[in-house]
Structure formats: C-alpha cells, structure tokens
Amino acid sequence: MKQFSFPSCFVVALTIVGVLSSPLAAKEDIKGSKDHPLIGRYAGSEIFSYKLSEFDEQRFLNAPIDLKVDGETLTDANSIKVEGGITDIRYNAPKDRSLLEIMKNYEESLKSNGFETLYSCADETCFKGNTSVYRFNFVGGDGTIDYRYGDGVRYLLTKATKPAGDVYAAVILGESKTGPLVHVIAADVKSMQGDQIAFVDAGAMEQSIAASGHVALYGIQFDFDKADIKAESRPTLDEIAKFLKANGDISVVVTGHTDSKGGFDYNIDLSRQRADAVVADLAKHYGISSKRLTPFGAGMSSPVASNDEETGRAKNRRVELVKR
C-alpha cells in the first residue's frame with residue numbers, strides 16, 4: 001500500500017481532538033513539537049510534522065465529497081470554515097495497531113473531554129462517486145498537500161465549547177508502508193489581533209509616493225479567494241481617489257499582492273483580478289480615467305515579511321500604488 005503526496009490547489013481541513021494519552025514527548029518527536037493541550041496522542045505515536053499558527057483560517061470536511069461535482073475541492077456544500085489558532089500535527093502511530101482501534105480511542109477520549117461529533121466517515125462513505133484511492137486535501141503548516149491512501153481512511157470531526165471559546169478538531173487516519181498515519185488539526189476559535197496596520201490617507205499616500213515611488217495599502221479587503229471588494233474598503237478607496245484627483249499628472253500601477261499560500265500561478269491570477277477590481281471601482285465610482293491606472297498582479301513574488309506566520313502573511317496581502 002502506498003501513500004502519495006502531491007502539490008494541490010485544493011483546500012481542506014480535517015482535525016482531531018482527544019486526550020488519548022499524555023506522555024512526555026517521545027525522543028523521536030521533531031524538535032519544538034508538542035501535543036495540543038486538549039488532544040494528546042495515541043500511545044506510542046511520534047510527531048514527524050508540527051506547525052502552530054496564532055491566527056489563520058481552516059476548512060473542515062462535514063459532508064461526503066462529491067467527486068463528480070466538486071472533484072476533491074472543499075466547498076461551502078461539504079465543509080465549514082473557521083478562523084483562529086491552528087495547530088497542525090502529524091504522527092506515526094504504532095505499526096501493530098489498526099485504524100479502527102486508533103479511531104475508537106480518539107472517539108472515546110474526545111467524548112470524555114466534552115467534544116461532540118459533528119461528522120465521521122470511513123473509506124467510501126467519505127465520498128460520492130467512484131474512487132480508486134481515498135483522497136483528502138489539506139491546507140496546513142507546510143502548505144497545501146493532497147494525501148492519497150490506497151487502502152482506506154477514517155475521519156472524525158468534533159467540536160467543544162470551552163470558556164476560552166469553541167474548539168474544532170478533526171482526525172484523519174490513513175495507512176502507509178510505514179504503518180498508520182495520524183493527522184491532527186485543531187482550531188481554537190478566536191478573533192484576529194487587529195489594528196496592526198495603520199490606515200493610510202491621501203496625504204500619507206502622496207508623501208510615500210514622493211519619497212519612495214510607491215505606497216502599500218492594507219485597507220482594501222476582498223472576499224476569501226475572490227476579487228470581490230468588501231464594503232469596509234470604501235474609506236481607503238475614497239483616499240486613493242482624493243490623492244489621484246489632487247495629483248492629476250500622476251499615473252499609477254495598481255499592484256495586487258498575496259501571501260504564499262496556494263499555487264504560484266493561481267496567486268498571480270488572483271492578484272491581477274483584484275488589481276482589475278480596484279481599477280474598475282476607481283473608474284466607476286470616482287471617475288478616475290482608466291488611462292492613469294495600470295492593473296498588475298504580483299502574487300506572492302514581492303513579500304515584505306515572512307510568510308511563515310500569519311502576522312507576516314497579513315503584511316504581504318496588500319494593494320500597492322506604484323508611480324509610473
């Protein structure tokens with residue numbers, strides 16, 4: 001039986017929660033890793049991948065994936081999206097334990113710790129349509145990966161209401177040539193730490209462009225994975241229009257930037273669509289000549305901070321005005 005890992009543009013989230021055992025970190029665990037405090041691990045398991053994000057978004061499968069309609073993509077029809085602190089852990093479980101036994105232990109542990117089951121499935125019940133392999137797509141700590149298991153999978157999604165906030169957790173189990181694999185993703189629901197990026201008015205735009213030839217704007221927000229401008233972007237668009245009307249001799253490149261999550265070509269296309277949307281809005285609502293506005297999509301190619309943490313990714317998701 002083989003496990004395959006391929007790059008993928010699909011978004012999925014599966015998680016686990018449960019206190020199966022709470023041993024000290026095994027000497028084989030990778031450096032800096034630890035169990036989620038509400039989850040623990042199946043006895044004898046070892047951590048081989050670990051990622052903690054203070055704030056991010058995660059999708060959780062909560063219905064069978066319709067391979068004929070959605071392919072392997074998680075959508076609003078087969079998943080839910082939450083935001084908060086994300087813990088992504090992968091374990092090698094003992095070779096002599098079955099997926100059924102491991103999952104039963106997780107189910108019992110999660111229930112005893114106050115978690116309710118939202119969805120569970122095994123093998124072909126996780127999918128609609130014929131499939132020769134069992135496929136789950138994750139967006140997690142080390143990027144987007146498509147995991148395929150030839151000999152079966154088991155999945156469990158749970159939720160607990162805690163004083164500090166809701167916790168979602170899911171588990172996916174799959175076989176590999178090295179034995180059972182356990183993937184845990186826990187989402188501790190919380191709000192993002194806001195007010196980290198200052199609002200830029202028309203005067204500040206003029207000063208920045210005069211000094212450096214460009215200005216980074218964070219007040220233009222888009223729907224997730226789309227180029228639809230959110231209503232809360234209007235104050236920043238108002239200021240862009242003020243700046244351009246006060247400086248009629250200036251033309252700008254409207255540049256869209258993304259973080260590094262997702263495929264390179266996909267992000268280039270998305271950032272270009274978003275730049276197009278800004279140009280169209282400025283022309284429609286403010287009468288700015290489109291001849292003064294050149295849309296450009298830079299994607300993930302020009303980061304201003306590390307993409308390893310959400311605070312850095314937030315700085316990289318921006319629109320810039322560049323003087324032509």
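Student: At roughly what angle do the axes of helix 3 and helix 4 cross?

Tutor: This is a predicted model, and in it the contact between these helices is made by residues including Leu237, Ile240, Ala241 and Leu244 of helix 3 together with Val278, Leu282 and Tyr286 of helix 4. The two axes come within 11 Å.

Student: Which residues of helix 3 are buried, and what do they pack against?

Tutor: An α-helix has 3.6 residues a turn, so residues three or four places apart point the same way. In helix 3 the buried residues are Thr236, Leu237, Glu239, Ile240, Ala241, Phe243 and Leu244. Their packing partners are helix 2 (202-212), strand 12 (214-217), strand 13 (252-257), helix 4 (264-286), strand 14 (293-299) and strand 15 (318-323).

Student: How far apart are the end C-alpha atoms of helix 3?

Tutor: Helix 3 covers residues 234-246, and its 13 residues, at 1.5 Å a residue, should span 18 Å. The model agrees with that expectation, because the end C-alpha atoms of helix 3 are 18 Å apart.

Student: Is strand 14 largely enclosed or open, and how many of its seven residues are buried?

Tutor: Strand 14 runs parallel to strand 13, and six bridges join the two; within this region Gly256 stands opposite Gly297 of strand 14. The rest of the structure largely encloses strand 14, because the number of its seven residues that are buried is five.

Student: In what order do the strands of the open sheet of six strands lie?

Tutor: Strands of a sheet pair through backbone hydrogen bonds, either parallel or antiparallel. In this open sheet the pairing is antiparallel, and the order is 2-4-11-10-9-5. The edge strands, each of which pairs on one side only, are strand 2 and strand 5 (116-122), and from one strand to the next the twist averages 15°. Read across the sheet, then, the order is 2-4-11-10-9-5.

Student: Which side chains make polar contacts with the side chain of Asp35?

Tutor: Asp35 is found in the loop between strand 1 (3-7) and strand 2 (46-61), and it counts as buried because its relative accessible area is 16%, where the cut-off is under 20%. A polar contact of 3.1 Å joins its side chain to that of Arg41, and another, of 2.6 Å, joins it to that of Tyr91. The side chains asked for are therefore those of Arg41 and Tyr91.

Student: Is Asp225 buried, partly exposed or exposed?

Tutor: Asp225 has its place in the loop between strand 12 and helix 3, and its phi is positive, about 60°, although the residue is not a glycine. A residue is buried under 20% relative accessible area and exposed over 50%. The relative accessible area of Asp225 is 36%, so Asp225 is partly exposed.

Conventions
Residues are numbered from 1 along each chain as its sequence is written. This is a predicted model: local features need pLDDT of at least 70, side-chain atom pairs count only at pLDDT 80 or more; totals for chains, interfaces and linings use all residues. Side-chain values use heavy atoms; hydrogens and water are left out. Helices (H or I, at least four residues) and strands (E, at least two) are DSSP runs, numbered from the N terminus. Buried means under 20% relative accessible area, exposed over 50%, partly exposed in between (1.4 Å probe, protein chains only). A polar contact is a pair of N or O atoms within 3.5 Å; within protein, one must be able to donate a hydrogen and the other to accept it, and residues adjacent in sequence count only if both atoms are side-chain atoms. The expected span of a helix is 1.5 Å times one less than its number of residues. Contact means heavy atoms within 4.5 Å. Two strands pair if DSSP finds at least two bridges between them. Axes are lines fitted to C-alpha atoms, for helices over the stretch in contact, and angles run from 0 to 180 degrees between N-to-C directions.
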